[in-house]
Amino acid sequence: MNIAIVGASGAVGQELLKVLAQRDFPVDNLRLFGSERSAGSVYDFKGRKVKVELLEHGDAFRGIDIVFTSAGASVSREYEKDITRFGAVMIDNSSAFRMDEDVPLVVPEVNAADAMNRPRNVISNPNCTTIQMVVALQAIERVSHIRRVRVATYQAASGAGAQAMAELEQQYRDVLDGREPQVKKFAHQLAYNVIPHIDVFTDNDYTKEEMKMFNETRKIMHSDVRTSAMCVRVPSLRAHSESVWVETERKISVDEARRAFADADGVVLMDNPKDNIYPMPLFLSGRDEVFVGRVREDISVDNGLTFWCVSDQIRKGAALNAVQIAEYIIRN
């Protein structure tokens with residue numbers, strides 16, 4: 001396979017290189033593309049040195065089979081035709097095409113077959129918070145249809161990129177050293193704080209991040225499920241956490257829910273509160289799976305369950321999900 005990565009120098013691009021190597025993805029030829037700032041950088045891939053080329057309009061993608069794009073929505077929209085013109089499959093990690101009717105929005109554990117119906121040869125990777133939630137939700141959906149979801153997210157600094165992680169670390173240093181911390185990547189200081197604000201606010205006072213969880217969940221699960229989200233940035237470095245409340249058509253016992261999670265593809269049940277065992281982002285960064293714990297009855301509604309889940313949003317929430325889509329395409 002001839003593979004390309006657009007946005008190779010970013011956090012997700014770097015994670016794509018790791019995931020492709022670790023999963024022994026069939027790469028015969030790898031090309032990396034980036035902006036003027038990153039062009040010329042050299043990265044190692046399975047013992048080979050690969051130089052980042054400047055992304056330009058033209059025929060650079062001739063002969064490429066699969067292109068992973070992770071350079072932002074504006075870049076994806078601008079270069080879509082250049083990438084797909086010669087037959088390459090574009091697996092896009094931005095928000096550019098997610099809600100387009102002729103672009104499948106795919107989480108392989110939930111709706112892998114959608115990847116085979118791609119009129120524009122573009123497949124969208126969902127938002128990271130949506131990905132980890134629907135992987136967990138699918139386990140419950142197989143037992144009983146989910147009518148409603150309420151979710152509060154606890155999103156790490158890495159969700160805003162590598163510079164955001166560096167800013168959080170520097171803010172902690174500044175505070176401890178008595179300096180005024182600098183704020184550039186977030187609306188407010190994140191160190192020693194939580195910020196109930198991710199992405200821009202919309203007319204209904206939900207943020208775009210929160211509305212993504214409503215819209216994307218319905219499209220991925222082919223469902224009328226309604227999701228209400230509160231997305232919060234927390235001062236951890238990597239891996240997102242979510243508190244999820246679901247309301248199902250029929251009552252599901254806690255034991256039945258735990259069995260469903262334990263048997264689900266891509267889910268690891270980590271649920272033994274008596275021994276203080278539950279998922280935590282500090283210990284699960286770099287892992288592929290969605291970890292679920294604190295499974296219990298929602299005592300506020302009939303037919304309600306609640307659980308806690310953690311997943312590395314750079315990995316499963318971005319790079320790994322994209323590679324899993326490509327693997328499914330190759331198998332089929």
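Is Phe61 buried or exposed? In this predicted model, Phe61 has a relative accessible area of 1% and is therefore buried, the cut-off for that class being under 20% relative accessible area. Phe33 likewise counts as buried, at 1% relative accessibility.

The count of aromatic pairs comes to four. One of them joins Phe33 and Phe61, whose ring centres lie 4.8 Å apart and whose planes meet at 40 degrees, so that the pair is classed as tilted. This pair links distant parts of the chain, since Phe33 belongs to strand S2 (residues 29-34) whereas Phe61 sits in the loop between strand S4 (48-54) and strand S5 (66-69), with 28 residues separating the two positions.

A further aromatic pair is formed by Phe261 and Phe307, with a centre-to-centre distance of 5.0 Å and an angle of 65 degrees between the planes, an arrangement that is edge-to-face. Because Phe261 lies in helix H7 (residues 254-263) and Phe307 in strand S13 (residues 304-311), the pair ties together parts of the chain that are 46 residues apart in sequence. Both members are buried: Phe261 has a relative accessibility of 1%, and Phe307 has a relative accessibility of 2%.

Strand S13, which carries Phe307, also takes part in strand pairing, as it runs antiparallel to strand S12 and is joined to S12 by five bridges. Within this pairing, Gly293 stands opposite Trp308 of S13. The hairpin of S12 and S13 has six residues between the strands, and in this hairpin Asn303 adopts a positive phi near 55 degrees.

On the H4 side the contact involves Cys128, Ile131 and Val135, which meet Lys316, Gly317 and Asn321 in H9. Sorted by class, the residues in the contact of H4 with H9 comprise three nonpolar, two polar and one charged.

Key. Residues numbered from 1 in each chain as written. Predicted model: local features only at pLDDT ≥ 70, side-chain atom pairs only at ≥ 80, totals over all residues. Heavy atoms only, no water. Contact = heavy atoms within 4.5 Å. Helix = DSSP H or I, 4+ residues; strand = E, 2+ residues; numbered from the N terminus. Nonpolar A, V, L, I, M, F, W, Y, C, P; charged D, E, K, R; others polar. Phe/Tyr/Trp six-rings, centres within 6.5 Å; stacked < 30°, edge-to-face > 60°. Buried < 20%, exposed > 50% of the residue type's maximum accessible area, 1.4 Å probe, protein only. Pairing = 2+ DSSP bridges.
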